[in-house]
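Thanks for coming. I will go through one model this morning, beginning with a single side chain and ending with the contact between the domains.

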Amino acid sequence: MTNKLNVLSDSALMAADTAHHLHPFTDYKALAAEGSRVIVRAEGCTLWDSQGNAILDGMAGLWCVNIGYGREELADVAARQMRELPYYNTFFKTTTRPATELATRLAELTPPGLEHVFFANSGSEANDTIVRMVRRYWQLHGQPERNVIISREYAYHGSTLVGASLGGMSAMHSQTGLPLPGFEHIRPPYYLRDGGNMTPQEFGVAAAQALEERILALGPERVAAFIAEPIQGAGGVIVPPDSYFPEIQRICREYGILLIADEVICGFGRTGNWFGSETFGIEPDLMTLAKGLSSGYLPISAVMVGDRVARTLIDEGGEFFHGFTYSGHPVACAVALENLRIMQDEGLVERVRDDIGPYFQDRLRELADHPLVGEVRGVGLIAGVELVRDKDGPVFFQPEGRVGTICRDHCFRNNVIMRAVRDGMVISPPLVISHAEVDRLVETARRCFDLTQADIGL
Ligand SMILES: Cc1ncc(COP(=O)(O)O)c(C=O)c1O
């Protein structure tokens with residue numbers, strides 16, 4: 001029997017989508033008015049929609065398709081694993097070969113001291129897992145009142161109740177009565193907005209000291225952990241000054257607080273090292289991995305657990321009452337292993353560090369002379385280009401987000417996908433992007449900035 005959706009015309013598919021499909025992070029009425037774009041195929045860094053348009057994916061899906069689309073090797077491995085063992089769980093003293101092999105591989109790849117892995121299916125689930133581990137850790141140390149986790153404004157750590165509570169997105173909080181108790185937020189190291197007359201280095205230290213101030217205000221005996229993305233991705237690609245994380249690290253050590261690096265975006269080569277923690281000199285106790293772990297080919301995430309927490313859970317914890325039906329799913333693990341093999345064999349991380357990353361950053365910085373561009377920032381293959389009303393100040397647009405959306409829509413119409421965060425464009429292409437594709441991306445961005453400028457009459 002054929003699936004009837006396979007034979008629906010484009011317009012019928014769009015009507016069916018509007019009738020039945022509630023998309024994530026979407027204004028449903030607006031989508032119903034416009035209809036969805038239907039993506040039908042992809043190869044390398046290019047997507048094709050049902051109208052036959054070839055679209056350059058400057059976002060690697062949602063910051064995740066690191067090895068690019070259309071890799072037969074991953075399809076072959078998935079098919080092989082599905083035939084051999086499509087599913088078995090890792091509860092009840094059982095494992096599968098791919099789950100254990102991937103755990104071993106991740107212990108090798110991640111920085112020293114992170115030897116244990118807990119598998120989940122999404123970044124959100126991995127961060128929920130971390131919160132449960134952190135609270136359990138302090139409980140086992142006889143300090144159950146140490147249950148507050150400090151995060152940052154504009155952080156994104158997922159969309160479950162705990163993920164959104166960890167995150168610092170005020171719109172997400174206000175819709176559903178979040179954050180839950182026990183989650184606090186400090187200001188991010190957002191130099192363009194808050195740097196004032198300080199140098200970036202002075203500002204980095206000052207922004208980090210917001211953590212110490214909050215710890216002292218709450219009482220150090222209540223603070224369990226601090227969580228940070230090395231670069232805040234969905235918050236607008238906020239890149240910390242070099243002085244920021246050393247001061248964060250000092251503060252966490254001084255007060256005995258666990259440090260969590262959310263590497264869901266920065267992990268797996270994005271910043272020119274395997275992990276953003278290496279780029280910024282962070283030594284985390286726990287690490288969140290997802291997205292690039294499988295290049296998005298199948299859902300899988302992982303928590304890397306450092307010795308300090310792992311030893312407590314293992315030696316003193318008894319049964320840890322937590323897990324998911326699909327923790328360590330054998331097909332997802334086999335695909336992730338193949339993805340990591342490709343990244344290593346093709347030297348994709350080194351390519352970002354030495355070749356395409358610097359080229360991408362240099363070319364993007366040429367946009368800094370555009371009248372709308374307040375700042376170009378980024379590392380490796382992640383960047384943000386923030387648009388402002390006036391470079392002097394800078395003066396930001398009001399209402400926030402309108403100009404970014406206009407620009408994002410121009411990019412869409414010009415067949416390049418970038419995403420708007422407030423009034424900045426964020427870019428995070430597959431690690432296999434070519435020099436010619438970077439050129440096209442930057443040239444399209446300039447054209448779309450011109451079109452945006454004309455639209456707003458500046
Ligand atoms: C840094 C970070 N953490 C966590 C998440 C949540 O991941 P997921 O959407 O897989 O739940 C995201 C998603 O974009 C992310 O960027």
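Does R363 count as buried, partly exposed or exposed? R363 counts as buried, because its relative accessibility is 14%; buried means under 20% relative accessible area, exposed over 50%, and partly exposed in between, with a 1.4 Å probe and protein chains only.

Before going on, the basis. This is a predicted model, where local features need pLDDT of at least 70 and side-chain atom pairs count only at pLDDT 80 or more, while totals for chains, interfaces and linings use all residues. Residues are numbered from 1 along each chain as its sequence is written, and side-chain values use heavy atoms, with hydrogens and water left out.

Back to R363. Its salt-bridge partner is E366, with the closest N and O atoms 2.9 Å apart; a salt bridge here is a side-chain nitrogen of Lys or Arg within 4 Å of a carboxyl oxygen of Asp or Glu. E366 is partly exposed, at 40% relative accessibility.

The whole structure has 23 salt bridges. Another one pairs E283 with R253, again with the closest N and O atoms at 2.9 Å. E283 sits in the loop between α12 (276-280) and β9 (286-289), and R253 in helix α11, 30 residues away; helices (H or I, at least four residues) and strands (E, at least two) are DSSP runs, numbered from the N terminus. Both E283 and R253 are exposed.

Helix α11 covers residues 244-255 and also holds Q249. Q249 is buried, at 8% relative accessibility. Beyond its neighbours within four places in sequence, Q249 is in contact (heavy atoms within 4.5 Å) with L259, G281, I282 and E283.

Now the domains. Domain 1 is 37-67 + 349-456 and domain 2 is 73-345, with bounds from an automatic or database domain assignment.

About 2600 Å² is buried between domain 1 and domain 2, 63% of it from carbon and sulfur atoms. Buried area is the accessible area (1.4 Å probe) that two parts lose on being put together, summed over both. On the domain 1 side, W63, I67 and V349 lose the most area to domain 2, together 27% of what that side buries.

How many salt bridges are there between domain 1 and domain 2? The count is zero.
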